[in-house]
Amino acid sequence: MLTTTLPSYAYQQYNDDPNIVAWFAAYNGTTISPALPIASISWAGGLVTVTTVTQVGVDLGQSFTVLISAVYPTGYNGQWLATVTNIDKTTIGYPTTFTYELTVDPTPATALGTWQQYPLQAGAQGYLDEANALFLPDYLVQTEPLLDWIGNSLYGQPRTDLQSTPPLTSGPYNTIIINGNAGTTLFPLNTIKRINQGTSVIVTDQAYKRIIQWNNYKGDGFQFTVRWLKRRVQRFIFGAAIYSDVTTPNWDQTYQVSVTFTDTYEVKITLSGVYNNQLATILQAAISSAVVLLPFQYTFTVDLT
């Protein structure tokens with residue numbers, strides 16, 4: 001296995017961002033993770049099997065030190081050397097199963113308690129193993145601030161507030177009277193200004209993931225069609241589809257998304273009923289702010305009814 005270490009600039013490059021500094025510091029060999037809930041815990045044949053609600057920062061087959069707390073009976077509790085035996089990558093959050101040795105049967109658990117992970121071994125290999133186990137490209141299971149670092153650094157998509165209506169660009173010839181007023185702003189000659197209109201829309205973690213997915217998912221192909229657009233709108237609002245217990249990003253049915261051409265190069269997207277929700281409002285602002293990628297030849301509007 002390749003052995004390396006985090007370069008020194010990794011700590012220096014982000015020393016102005018306390019969130020990133022804290023993230024790197026979490027892997028310096030001294031910090032234990034927050035207490036997280038246990039989904040199930042049981043004993044059989046000298047082994048305790050624990051399944052978590054969310055992923056453990058360790059890859060399949062790797063061992064790590066875990067602290068089990070607040071389980072009843074208390075025989076489950078303590079600090080143990082555990083080994084990851086399964087990672088459920090079909091479920092959001094990547095629930096993980098790990099085992100540790102326990103000779104005496106503590107009897108069935110009546111209170112599930114929490115688990116905490118100690119950092120992996122200090123040094124180069126520990127850092128590399130920890131980073132490899134984070135599934136960094138899989139932004140769908142991440143949260144702020146790591147989600148923002150992944151979105152910006154790996155996918156080139158920063159999180160920005162959105163405007164409910166397009167900004168007004170004023171200043172070029174034929175857009176405003178030279179030395180005249182636009183609202184309350186005086187525009188001197190040879191000046192261009194962008195004026196935000198409407199209200200700002202805060203981008204939640206969920207919406208930020210949908211924006212990254214819109215701009216990076218290649219499964220719809222690269223040819224603009226009504227079907228292409230409707231599937232992207234459907235995915236933005238409802239996420240992945242589930243058919244026969246199989247999760248897929250491809251939606252077969254998009255009849256509730258209305259796409260019409262009001263002119264040769266003007267496209268209107270109409271969303272109503274259950275489609276008119278918070279994510280629909282964010283999509284409207286994302287399209288208005290040109291944050292999601294769309295063919296530049298067309299003008300797109302979203303009508304929420």
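**Close-up views of a predicted model**

**View 1. Helix H5, residues 205-216.** The 12 residues of H5 should span 16 Å at 1.5 Å a residue, and its end C-alpha atoms are 17 Å apart, which agrees. The expected span of a helix is 1.5 Å times one less than its number of residues. Helices (H or I, at least four residues) and strands (E, at least two) are DSSP runs, numbered from the N terminus. This is a predicted model: local features need pLDDT of at least 70, side-chain atom pairs count only at pLDDT 80 or more, and totals for chains, interfaces and linings use all residues. Residues are numbered from 1 along each chain as its sequence is written, and side-chain values use heavy atoms, with hydrogens and water left out.

Nine of the 12 residues of H5 are buried, so H5 is largely enclosed by the rest of the structure. Among them are Tyr-208, Ile-211 and Trp-214. Buried means under 20% relative accessible area, exposed over 50%, and partly exposed in between (1.4 Å probe, protein chains only).

**View 2. The largest nonpolar core.** This core holds 37 residues. Leu-162, Leu-229, Val-233, Ile-269 and Leu-271 touch the most other members. H4, H5, H6, E14, H7 and E15 each supply at least two residues. H7 gives the largest share, seven residues. A nonpolar core is a set of buried Ala, Val, Leu, Ile, Met, Phe, Trp, Tyr and Cys residues joined through side-chain atoms within 4.5 Å. In soluble globular proteins, nonpolar side chains tend to be buried together.

**View 3. Around Ile-269.** Leaving out residues up to four places away in sequence, Ile-269 touches residues including Leu-229, Val-233, Ile-287 and Thr-301. Contact means heavy atoms within 4.5 Å.

**View 4. The loop between E3 and E4.** This loop joins strand E3 (63-69) to strand E4 (78-87) and contains Pro-73. A cis peptide bond links Tyr-72 and Pro-73, with omega about 5°. Ala-70 is in the loop too. Its phi is positive, near 65°. Ala-70 is exposed, at 57% relative accessibility. Most residues other than glycine have a negative phi, and most peptide bonds are trans.
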